[in-house]
Amino acid sequence: MSGSFKVKPAARVSGQKQDVWTIVNEAAAASPKQPIVNMGQGFFGYNPPKFILDAAKEALDRVDCNQYSPTKGRPRLKKAIADAYSPFWGRKINPDTEVTITTGANEGMLSAFMAFIEPGDEVIIFEPFFDQYISNIEMPGGKIVYVPMHPPATGATKTSSAADWTIDFDELERAITPKTKMIVLNTPHNPVGKVFSKDELQKIGDLCVKNNIIILSDEVYDRLFYVPFTRISTLSPEIEQLTITVGSAGKNFYATGWRVGWLMGPEHLIKYVSAAHTRICYSSVSPLQEACAVGFEKAEAEGFWDDAIRDMKGKMDRFNEVWDELGLPYSEPEGGYFVLVNMNKVQLPEDYPFPPHVASRPRDFKLSWFLIQEVGVAAIPPTEFYTDENAHMAEDYLRFAVCKEDSILEEAKNRLRGLKKYMK
Ligand SMILES: Cc1ncc(COP(=O)(O)O)c(C=O)c1O
């Protein structure tokens, strides 16, 4: 059909290059080392806890749970979220005006950009960024202004905290123009694993108050922190007035396929986000909203939040032992389930036959390809989360997701020991 098919696609979808997920997943499928250990994409290798799965099964038997939910979300879920988060805010969050349910955090963020961005408005994001931000900002015609997080100077030789990836606040201030409408923040951070300190958040918040910039705070990993975690919205009433906080039940409850997320914030922001969400997908999946409501109602009493931190931190620490053994430095995560490992010491054979779409990309794409082919472990090249200009900052790193079964992590470690023979 292609030759005679003359309908022209819109630029917002036609120009997109092959993304990193396609490259890595296709390479993994074609690797001689089958089955591959896939530590690339951040989906869980295990199920949500039983009390949440049971709630989903029960919801499917209820007539009202199989029909449209209100566009802003099911009242039970909004209330459960407001109740769960009110203690962090130190006041009662209004479930009817300050919470809106979305189809995953991703659609929630698209709704936020659709609600506030006019063509030509500028949105500041930090590099490395979660890749979906880009097209979500570009859809309504937003212009992205990038500010890099700087890796630790000793990243190639020494393991250090993910806190050592830093923002240059002068650089941030210089990026602000009269057209800056929003800034996107992500803490705990994917892929760096940094949890922004209170002091850093205060500086960002102060700049936004001074310049009247909306803060979209992507806190989808908010239940996985290994150092004290601050929510920017709670720093001052002035900052709160400008902040939309993003959450994901997919991340919270190990159910990324359920596509349940939410946005919280002051009524004057949330009402427009809800309006955009209504236009994009009308309402979100009913039975799974109900199950997430039960999740929030019961999580504390079930000890689930504490278990989630303990389990993930355990996986992280056990997996990272292999880097200590190999002498490969990494950024020790302060939150989330990703670890960035510096592979500067891994020597890629000069004549290695990389396919052209890998050979033309920065060194981390080659490292990723090489690991898939020779070691049988898939990881993500983080320069995908940078502009070309700043990609050099991360070209020695690979991102591993540890939200996998323990047996898979052990198998990954066994295979990764095979890297020894390629190290300087
Ligand atoms: C930083 C960040 N934000 C948002 C999302 C999307 O969350 P959801 O699956 O709820 O759309 C992800 C998923 O990987 C993420 O890493």
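A residue is counted as buried if 20 or more other C-beta atoms lie within 10 Å of its own, as exposed if 12 or fewer do, and as partly exposed in between, with C-beta atoms placed from the backbone. By this criterion, 48% of the 424 residues of the protein chain are buried. The model is a predicted one, in which local features need pLDDT of at least 70 and side-chain atom pairs count only at pLDDT 80 or more, while totals for chains, interfaces and linings use all residues. Residue numbers start from 1 along each chain as its sequence is written.

The protein chain has 16 helices and 14 strands; helices (H or I, at least four residues) and strands (E, at least two) are DSSP runs, numbered from the N terminus. The radius of gyration, taken over C-alpha atoms, is compared with a globule rule of 2.2 Å times the number of residues to the power 0.38. The chain's value of 22 Å is close to the 22 Å that this rule gives for 424 residues, so the chain is as compact as a globular protein of that length. Its C-alpha atoms fill a box of roughly 60 × 60 × 50 Å along the principal axes.

Strand β8 (residues 214-218) has five of its five residues buried, so it is largely enclosed by the rest of the structure. In a regular strand, side chains alternate between the two faces of the sheet. Ile214, Leu216 and Asp218 point one way from β8, and Ile215 and Ser217 point the other way. Two strands are taken to pair if DSSP finds at least two bridges between them. Strand β7 (residues 180-186) pairs with β8 in the parallel sense over five bridges, and leucine 185 has serine 217 of β8 as its bridge partner. Strand β9 (residues 243-248) also pairs with β8 in the parallel sense, over four bridges; here threonine 243 of β9 is the bridge partner of isoleucine 215.

A separate description applies to an open sheet of four strands, with the order β5-β11-β12-β14 and mixed pairing. Its edge strands, β5 (160-161) and β14 (397-401), each pair on one side only. Strand β5 pairs with β11 (residues 330-332) in the parallel sense over two bridges, and serine 160 stands opposite serine 331 in β11.

Around the ligand there are 13 residues, of which Gly104, Ala105, Asn106, Asn190 and Ser248 come nearest; a residue is near if its C-beta atom, placed from the backbone, lies within 6 Å. Helix α5 (residues 104-116) gives the most to this shell, with three residues.
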